[in-house]
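Let us walk through this structure together, one residue and one contact at a time. Please keep the sequence and the 3D view open as you read.

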Amino acid sequence: ININHPMMLTSRNSSSHPVSFILLGIPGLENSQFGVAFPFCAMYVVALVGNITLLHVIRTDPTLHEPMYLFLAMLAITDLVLSISTQPKMLAIFWFHDHEIEYHACLIQLFFIHAFSSVESGLLMAMALDRYVAVCSPLHHSSILTPSVVGKLGGGVMMRGLLWVSPFCFLVSRMPFCPSRIIPQSYCEHMAVLKLVCADTRVNRAYGLFVAFSVVGFDIIVISVSYVIILRTVLGLPSGKARLKAFGTCASHICVILALYIPALFTFLTHRFGHHVPRVVHVMFAILYLLVPPMFNPIIYGVRTKQIRDRVIQGCCRKDSQLKA
């Protein structure tokens with residue numbers, strides 16, 4: 001062992017931060033990671049193409065400049081940031097055995113993951129409010145959710161994510177680290193990095209719980225209350241066709257909510273309480289938490305939203321006719 005290696009030098013002094021960390025990838029599947037990376041890569045490509053297409057269609061079609069589609073565009077941007085900040089490094093680990101990540105790069109990745117996960121949760125809450133107004137007060141929808149209000153809601157959830165998560169990086173950067181630099185998963189996140197700290201982390205953990213409950217907890221409460229009121233309003237409609245149509249406007253949003261919160265809650269609970277959950281199961285769910293929503297969101301909205309579906313089909317047909325010409 002070369003004791004003059006930079007990592008060895010920093011490990012002598014636990015009061016300084018390390019030069020880098022080692023991301024293992026998927027513990028227990030080291031011999032299968034090369035093959036596992038191909039479906040992950042396919043999901044990454046679908047997420048990039050789907051969200052970029054969604055943004056292009058919404059930007060170029062004036063009929064889609066409505067609250068629902070404006071929130072959807074914000075969601076697509078958030079999904080792109082989450083995908084780009086995690087998936088390239090993950091694929092480099094699986095395919096090229098590039099396990100090392102620089103200390104500050106790790107903190108930046110940690111910040112982007114938690115900040116934009118918070119933004120995504122906030123946007124789903126804002127979209128639930130949009131569905132509430134659209135179903136319960138359809139005649140006043142455009143006057144209540146004006147472009148200015150939509151912009152303020154989007155800016156509010158963005159600022160909340162940035163301000164709430166920034167202390168994570170500040171608190172971690174001031175902590176002494178143990179000699180071990182191994183993170184047994186595919187990306188840097190708060191709890192995994194915190195386990196490498198050689199100090200009392202109760203303040204960090206308490207703040208993490210505060211952020212989790214004040215962001216996800218608050219958003220889930222608002223979403224739940226909105227849908228309880230929506231359900232009561234829809235069941236009160238006299239026509240079965242009208243009830244089905246009203247439910248149809250919310251179906252895409254409900255699917256997206258489930259795709260985000262189910263793996264997110266599983267990952268959070270196993271970090272805190274799931275000591276008997278196999279590490280490989282925990283890591284796979286943590287990966288799916290970052291992979292599935294960015295891929296799933298443009299698919300479900302593109303398929304279920306007629307305006308977007310028609311524009312995509314028209315664009316494909318136009319390109320096909322140009323190639324034939």
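Gln87 is buried, as its relative accessible area is 2%. Here buried means under 20% relative accessible area, exposed over 50%, and partly exposed in between, using a 1.4 Å probe and protein chains only. Which residues does Gln87 contact, once neighbours within four places in sequence are set aside? They are Tyr44, Leu290 and Leu291, where contact means heavy atoms within 4.5 Å.

Before going further, a word on what you are looking at: this is a predicted model, in which local features need pLDDT of at least 70 and side-chain atom pairs count only at pLDDT 80 or more, while totals for chains, interfaces and linings use all residues. Residues are numbered from 1 along each chain as its sequence is written, and side-chain values use heavy atoms, with hydrogens and water left out.

Staying with helix H3 (67–96) for a moment, follow the chain into the loop between H3 and strand E2 (100–102), where you will find His97. His97 has a positive phi of about 55°, although it is not a glycine. With a relative accessible area of 58%, His97 is exposed.

For a wider view, turn to the record. The unreviewed UniProt entry carries the annotation "transmembrane region" for residues 36–57, 69–87, 107–129, 209–234, 246–269 and 281–303; UniProt positions are given in the numbering used here, feature names are shortened, and annotations may be inferred rather than shown by experiment. In the model, the span 209–234 is 100% helix and 0% strand, and its end C-alpha atoms lie 36 Å apart. The span 281–303 is likewise 100% helix and 0% strand, with 31 Å between its end C-alpha atoms.

Now for the cysteines. The structure holds two disulfides, a disulfide being a pair of cysteine sulfur atoms within 2.5 Å. One of them joins Cys106 and Cys188, with 2.0 Å between the sulfur atoms. This pair links distant parts of the chain, 82 residues apart: Cys106 sits in helix H4 (residues 103–136), and Cys188 in the loop between strand E3 (182–183) and helix H7 (190–194). Why is this disulfide called left-handed? The torsion about the S-S bond of Cys106 and Cys188 is about -120°, so it is left-handed. Cys106 is buried at 0% relative accessibility, and Cys188 is buried with a relative accessible area of 0%.

Cys178 and Cys198 form a disulfide as well, their sulfur atoms 1.5 Å apart. Cys178 is in the loop between helix H6 (147–173) and E3, and Cys198 is in the loop between H7 and helix H8 (202–235), so this pair ties together parts that are 20 residues apart in sequence. Its S-S torsion is about 130°, so the disulfide is right-handed. Cys178 is buried, at 18%, whereas Cys198 is partly exposed, at 38%. Counting bonded cysteines along the chain, the disulfides follow the pattern 1-3, 2-4. Cys169 is in no disulfide; the nearest cysteine sulfur, that of Cys106, is 9.2 Å away. Cys169 is buried, with a relative accessible area of 15%.

From here, step into the packing. The largest nonpolar core has 85 residues; such a core is a set of buried Ala, Val, Leu, Ile, Met, Phe, Trp, Tyr and Cys residues joined through side-chain atoms within 4.5 Å. H4 supplies the largest share of this core, 17 residues. Phe21, Phe40, Leu124, Ile183 and Val193 have the most contacts inside the core. Leaving out residues up to four places away in sequence, Val193 touches Phe21, Cys106, Leu110, Val172, Phe177, Ile183 and Cys188. The structure holds 13 aromatic pairs; rings of Phe, Tyr and Trp (its six-membered ring) pair if their centres lie within 6.5 Å, and planes under 30 degrees apart count as stacked, over 60 as edge-to-face and the rest as tilted. One of the pairs is Trp164 and Phe210, which is stacked, at 6.3 Å centre to centre and 20° between the planes. Trp164 lies in helix H6 and Phe210 in helix H8, so the pair ties together parts that are 46 residues apart in sequence. Trp164 is partly exposed at 29% relative accessibility, and Phe210 is partly exposed at 43%. Trp164, Phe168, Tyr207 and Phe210 form one aromatic cluster.

Key
Helix = DSSP H or I, 4+ residues; strand = E, 2+ residues; numbered from the N terminus.
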